[in-house]
Amino acid sequence: MKYIDEYRDAESAKKYSDAIKKITTRSWTIMEICGGQTHAIVKFGIDELLPDKITLVHGPGCPVCVTPVELINKALEIASRPNVIFCSFGDMLRVPGTDKDLLSVKASGGNVKIVYSPLDAVKIALNNPDKEVVFFAVGFETTAPANAMAVFQAKKQGIKNFSILVSHVLVPPAMEVILSSPVCRVQGFLAAGHVCAVMGYEEYYPIAEKYKVPIVVTGFEPLDILQGIYMCIKQLEEGRYEVENQYSRTVQEKGNEPAQNIIKQVFKIVPRKWRGIGEIPHSGLGLSDEYIEYDAERKFSVSDITAEESLECIAGLVLQGLKKPHDCSAFGTKCTPENPLGAPMVSSEGACAAYYRYRKIKV
């Protein structure tokens, strides 16, 4: 296949749907890790093509969604300072902190800029030596290489007025938390193809073996997802629990080793808090000692800021696959994209945003 429309071909989708129905003999629950996969599933009605015995649940693979309120509040504090230019990707501006969001700070006169690359923020720092420039470094392993390169370049060029507020999280530890829960429903995973494009999938082998679950690295188009589901169900029906790669046109077993090397050079593994889930050991990246001078949290002394999650928002349950957006009493009423209680309603990869856009009516 060469073109996107080939991966969205209705006739081919019907063939995969029929093949899945043919091999399914019992009930199975599969989690798609990535929020991008969730949006494709809901937008194209992929779940509605599956037999009733197959349940898809949504995972924690939306980096915006899992960024805790505590870290948003730290971003708001830094962005509100008069000598700061706060740079971020656009999808973070509407994520609610305790009382406001970055868009509100911008509206009140804060110098908040949307950038399309962390290297843009480095350039802004170079051109504004009288200002402190901070980049909000949010993401899974997918965005870590670019953020690491920004810090690497800042140090190499001797730029002292640049720093990053780090909120990097790692997929495998989150999978283990989900699988080790006594209320875990997940029997198989569709792993996030773009994460594996960077990191490969060797680290999934021990998870599949330990928890006896199949893990299929999967892309993001409808036929990718349907093929990934077929591969996962086939394993479950045959009693296998292996790591397979559906997304072979992009992902290699060992991933992108130069990208991994820059991550290892600039970052180190740290515990990280996840919105609605809590702290997960070894689940995040923080700046290594060699680059600690570029840590905005230390530079602006905001480490002691804490915050409680909204009691109304069930984001943590949605991100663990225990609830769906429609199960939230605030969905579409108290919580909307214009007035969100939690990040999953405003993120471009958030499950609540997908349901609000494509399945607003409760079923």
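Q: Which elements make a right-handed β-α-β unit here?

A: Please bear in mind that the model is predicted. A crossover is called right-handed if, with the strands pointing away from the viewer, the path from the first strand over the helix to the second runs clockwise. In this structure, the right-handed β-α-β unit is made of E1, H2 and E2.

Q: How many bridges pair E1 and E2, and in which sense?

A: The two strands are paired over 6 bridges, in the parallel sense. For a position to look at, Cys34 has Gly61 of E2 opposite.

Q: Is E1 buried or exposed?

A: A residue counts as buried when its relative accessible area is under 20%. In E1, 7 of the 7 residues are buried, so the strand is largely enclosed by the rest of the structure.

Q: In what order do the strands of the sheet lie?

A: The order is E2-E1-E7-E8-E9, an open sheet of 5 strands with parallel pairing. Strand E2 (54-61) and strand E9 (243-245) have a single partner strand each and stand at the edges, so one side of each lacks a neighbour in the sheet. From one strand to the next, the twist averages 25°.

Q: Which strands does helix H2 touch as it packs on the sheet?

A: Helix H2, residues 35-44, touches strand E1 (28-34), E2, strand E7 (188-192) and E8. The direction of H2 makes about 120° with that of E1.

Q: How many bridges join E8 to E9?

A: Strand E8, residues 215-218, is joined to E9 by 3 bridges, and the two run parallel. Within this pair, Val217 lies opposite Asn245 in E9.

Q: Let us turn to a single residue. Where is the place of Ala144, and is Ala144 buried or exposed?

A: Ala144 belongs to helix H7, which covers residues 144-156. Its relative accessibility is 0%, and Ala144 therefore counts as buried.

Q: Which residues is Ala144 in contact with, leaving aside its neighbours within four places in sequence?

A: Contact means heavy atoms within 4.5 Å. On that basis, Ala144 is in contact with His168, Ile263, Phe267 and Leu285.

Notes. Residues numbered from 1 in each chain as written. Predicted model: local features only at pLDDT ≥ 70, side-chain atom pairs only at ≥ 80, totals over all residues. Heavy atoms only, no water. Pairing = 2+ DSSP bridges. Helix = DSSP H or I, 4+ residues; strand = E, 2+ residues; numbered from the N terminus. Axes fitted to C-alpha atoms, helices over the stretch in contact; angles between N-to-C directions. Buried < 20%, exposed > 50% of the residue type's maximum accessible area, 1.4 Å probe, protein only.
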